[in-house]
Amino acid sequence: MREISSMQEAVEKLRQKGLSNREILSNVDNSHFPFNDEEVVMAFIDLQIECSSDNDFENLVAYLYFEGNDRSKEQ
């Protein structure tokens, strides 16, 4: 279950930096991130590692939009 908490940590770091769920999903597969903030880039790299399979990506989508996430209603 460690990979889930690593994914959650990366998502929360990106949210703290002001990124929306859509921005997170849109950029998770990019090889060149359109951000100057090193913490944001590193969080996306962490997410890429954690979401290396289709199943992992589906877990990311579920976490962002479905798993008791009040923030998803704001996006």
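Ring pairs join F33, F35 and F44 into a cluster. The model is predicted, and it contains 3 aromatic pairs in total. One of them is the pair of F35 and F44, which is stacked, with 5.5 Å from centre to centre and 15° between the planes.

**The aromatic rings**

- F35 is found in the loop between α2 (21-27) and α3 (38-50).
- Leaving out residues up to four places away in sequence, F35 touches L19, N27, V40, V41 and F44.
- F35 has a relative accessibility of 23%, so it counts as partly exposed; buried would require a value under 20%.
- F44, the stacking partner of F35, is buried, because its relative accessible area is 0%.
- The angle of 15° between the planes of F35 and F44 falls under the 30 degrees that count as stacked.
- Y65 and F66 form another of the aromatic pairs: their ring centres are 6.5 Å apart and their planes meet at 55°, so this pair is tilted.
- Y65 is partly exposed, because its relative accessibility is 30%.
- F66 is exposed, because its relative accessibility is 65%, and the cut-off for exposed is over 50%.

**Helix α4**

- Helix α4 covers residues 54-65 and has 12 residues.
- At 1.5 Å a residue, α4 should span 16 Å, and its end C-alpha atoms lie 17 Å apart, so the two values agree.
- The buried residues of α4 are D56, L60, A62, Y63 and L64.

**The protein as a whole**

- Along the sequence, the elements follow the pattern α-α-α-α.
- The protein has 75 residues, and 35% of them are buried.
- Among contacts with a separation of 6 or more, 55% are between residues 24 or more positions apart.
- The accessible surface of the protein is about 4,900 Å², and carbon and sulfur atoms account for 46% of this surface.

Conventions. Residues numbered from 1 in each chain as written. Predicted model: local features only at pLDDT ≥ 70, side-chain atom pairs only at ≥ 80, totals over all residues. Heavy atoms only, no water. Helix = DSSP H or I, 4+ residues; strand = E, 2+ residues; numbered from the N terminus. Expected span 1.5 Å × (residues − 1). Buried < 20%, exposed > 50% of the residue type's maximum accessible area, 1.4 Å probe, protein only. Phe/Tyr/Trp six-rings, centres within 6.5 Å; stacked < 30°, edge-to-face > 60°. Contact = heavy atoms within 4.5 Å. Areas by Shrake-Rupley, 256 points an atom, 1.4 Å probe, with all protein chains shown as cover.
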